[in-house]
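Let us walk through this structure one part at a time. Keep the sequence and the 3D view side by side.

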Amino acid sequence: MQPAVKRIIFYVLLFTIWQGAVYVFDVSPSLLPAPTDVFASLYEGFSNLTLVYDLVASFRRLFIGLAIALVLGLLLGVLLAKSKTADETLGSLILALQSVPSIVWLPLAIMWFGLNEMAVIFIVVLGATIVMTINVRTGIINVPPLFIKAAKTMNYRGFRLFSKVTIPASIPYAVTGMRLAWAFAWRALMAGELLSTGPGLGYSLRFASDFGDMSRVIAIMLLIMLIGIIVDLLFFQRVEKKVLKKWGLATS
Amino acid sequence: MFLSINNLHKSFTNNGKTELVLSDIQLDVNEGEFVSILGPSGCGKSTLLSIVAGLTNATDGSIELSGKTIKGPGKERGMVFQQAALFPWLSVEENVMFPLLPEMSKKEAQQKAHQYLQMVQLSAYTKHSPHEISGGMQQRVAIARALAMDPALLLMDEPFGALDEQTRSRLHEIVEKIFLETKKTILFVTHSIAESLKLSDRIVVMGTQPGTILDVIELDFPRPRSQSKEELLYYEEKIQALLKSEIDKVTEKEQKNAASR
């Protein structure tokens with residue numbers, strides 16, 4: 001059987017059992033609404049455009065934060081790979097920060113930037129920069145020494161050697177770094193919005209929760225999940241596959 | 001003298017222990033000559049080539065090419081490594097254009113790349129990615145790339161060591177043809193006696209621990225060498241005798257090391 005067919009059957013079964021259980025055990029909608037209620041709420045949110053506004057607001061922050069993080073991660077990654085001193089000092093701090101979920105910075109961010117977009121973008125940047133930095137650094141360090149030697153015999157050195165050999169050779173790592181940065185940014189964004197201010201998907205989720213509207217809460221959760229999967233599948237995984245194939249690294 | 005290597009010494013320091021890898025290497029190469037450097041593994045022959053390429057520094061001594069002392073890599077010396085070292089993000093043609101692009105327009109570089117790809121019989125594969133072609137073909141691209149710079153000296157570091165027998169013998173023909181057509185000076189590192197007898201005007205036989213030149217053998221036979229198989233047999237035996245004592249030396253040292261442990 002095709003994996004797609006298996007998947008469709010699985011999800012139909014999942015929703016049927018969910019619907020059946022809510023009906024049979026007469027579960028209160030404030031504990032667990034039926035899937036039909038969730039879909040109705042999702043439909044309502046889109047038809048009165050509230051969810052559309054939330055999506056636009058969330059994506060705006062995401063793009064700003066992710067763009068800053070990718071540029072910053074690239075620069076920091078290059079710095080750590082090229083300077084031993086930077087790697088031994090700043091590098092250790094970045095590795096240490098990696099184990100801290102970026103959302104714990106929110107109280108400080110709110111004090112610094114106020115309860116506004118800047119604070120959330122700061123959380124997104126922190127979440128995504130670190131993983132991008134680490135991947136770019138690894139990519140540059142892992143450039144085969146033979147490539148560098150070969151280029152040197154062809155009179156490439158200095159910045160030209162770096163831009164024509166080191167950078168392209170480390171692109172597969174950078175692409176993986178971008179994919180992970182997106183995933184980290186998306187999670188950080190939701191956490192940030194949930195705890196700060198709107199508009200945005202995370203904020204609307206908390207708003208619905210405050211009013212006990214669990215259908216809307218689950219509807220937004222589904223939306224967060226779907227966007228996460230779709231962007232990863234349709235964009236990042238495709239780009240990654242293409243790059244790995246072109247670089248001859250794909251295991252076909 | 002075209003290329004002269006004078007009193008070259010090279011030692012590496014490893015964990016505080018200094019080991020002499022090359023000792024007093026003295027070698028002159030004429031323009032248009034095909035010289036093989038033959039020796040057992042560990043004799044420093046690849047290190048010697050790397051020093052000529054300017055990728056490694058000598059501890060002592062100097063190398064002069066056309067009267068100029070070698071300091072660092074340069075375009076007048078093209079290098080072919082044991083692995084093709086092609087850049088995977090570039091096509092075959094772009095790889096050959098790589099050394100040309102800083103000085104030339106794209107169109108000129110492309111024309112030149114095609115010319116050298118034709119020389120290694122790969123005209124049909126210009127748009128392919130390196131990983132889409134076989135190891136032997138990759139090595140031919142690497143040769144075309146080195147030739148495209150039009151170097152005065154072509155350095156080859158066991159270029160066919162990783163290839164199967166049939167591919168290797170086909171590449172020997174290509175290299176010999178290129179050598180006769182372009183009249184390049186070639187310095188060729190190998191551990192295969194047959195390979196060196198087939199291709200070289202002179203064979204530099206190296207011994208190990210430390211790396212020294214044991215003997216230089218002149219081969220004044222017409223090409224292709226398949227015509228003079230019997231005469232070459234004498235040299236093959238001579239080289240084998242030379243190398244046998246070297247290999248015995250290595251084995252003896254290994255046994256001594258094992259016993260002292």
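Predicted model: local features only at pLDDT ≥ 70, side-chain atom pairs only at ≥ 80, totals over all residues.

An α-helix has 3.6 residues a turn, so residues three or four places apart point the same way.

Helix H7 of chain B runs from residue 229 to residue 260, which makes 32 residues. At 1.5 Å a residue, it should span 46 Å. Its end C-alpha atoms are 46 Å apart, so expectation and model agree.

Now turn to the sheet of chain B. Six strands build it, in the order S6-S7-S8-S3-S9-S10. The sheet is open and its pairing is mixed. Strand S6 (77-80) and S10 of chain B stand at the edges. Each has a single partner strand, so one side of each lacks a neighbour in the sheet. On average, neighbouring strands are turned by 20° against each other, direction ignored.

Helix H1 (residues 45-53) of chain B packs on this sheet. H1 touches S3, S6, S7, S8 and S9 of chain B. Its direction makes about 150° with that of S7(B).

Look next at one pair of strands within the sheet. Strand S7 (residues 153-157) and strand S8 (residues 185-190) of chain B run parallel. Five bridges join them. Met156(B) stands opposite Phe188(B) in S8(B).

Which residue shows how helix H1 of chain B is placed? Take Val52(B), which lies in that helix. Is Val52(B) buried or exposed? Val52(B) is buried, because its relative accessible area is 0%, and the cut-off for buried is under 20%. Leaving aside neighbours within four places in sequence, Val52(B) is in contact with Leu3(B), Ile5(B), Ile63(B), Ile70(B), Arg77(B), Leu153(B), Leu155(B) and Leu187(B). Ser62(B) is 10 residues from Val52(B) along the chain, and their C-alpha atoms are separated by 9.5 Å.

Chain A has another make-up. It has 11 helices and zero strands. Its C-alpha atoms fill a box of roughly 75 × 55 × 30 Å along the principal axes. Of its 252 residues, 39% count as buried. Among contacts in chain A with a separation of 6 or more, 67% come from residues 24 or more positions apart.

Aromatic rings come next. Over all chains, the structure holds 23 aromatic pairs. One of them joins Trp112(A) and Phe122(A) edge-to-face, at 5.8 Å centre to centre and 75° between the planes. Trp112(A) lies in helix H5 (residues 106-113) and Phe122(A) in helix H6 (residues 117-141) of chain A, so the pair ties together parts 10 residues apart in sequence. Phe122(A) is partly exposed, with a relative accessible area of 21%. Elsewhere in chain A, ring pairs link Phe59(A), Phe63(A), Trp182(A), Trp186(A), Phe235(A) and Phe236(A) into a cluster.

Charges also meet rings. In chain A, Arg160(A) lies over the face of Tyr156(A), 4.1 Å from the ring centre. In chain B, the charged end of Arg145(B) sits over the ring of Phe87(B), at 5.3 Å from its centre.

Conventions. Residues numbered from 1 in each chain as written. Chains lettered and ligands numbered in written order. Heavy atoms only, no water. Helix = DSSP H or I, 4+ residues; strand = E, 2+ residues; numbered from the N terminus. Expected span 1.5 Å × (residues − 1). Pairing = 2+ DSSP bridges. Axes fitted to C-alpha atoms, helices over the stretch in contact; angles between N-to-C directions. Contact = heavy atoms within 4.5 Å. Phe/Tyr/Trp six-rings, centres within 6.5 Å; stacked < 30°, edge-to-face > 60°. Buried < 20%, exposed > 50% of the residue type's maximum accessible area, 1.4 Å probe, protein only. Lys NZ or Arg CZ within 6 Å of the ring centre and 35° of its normal.
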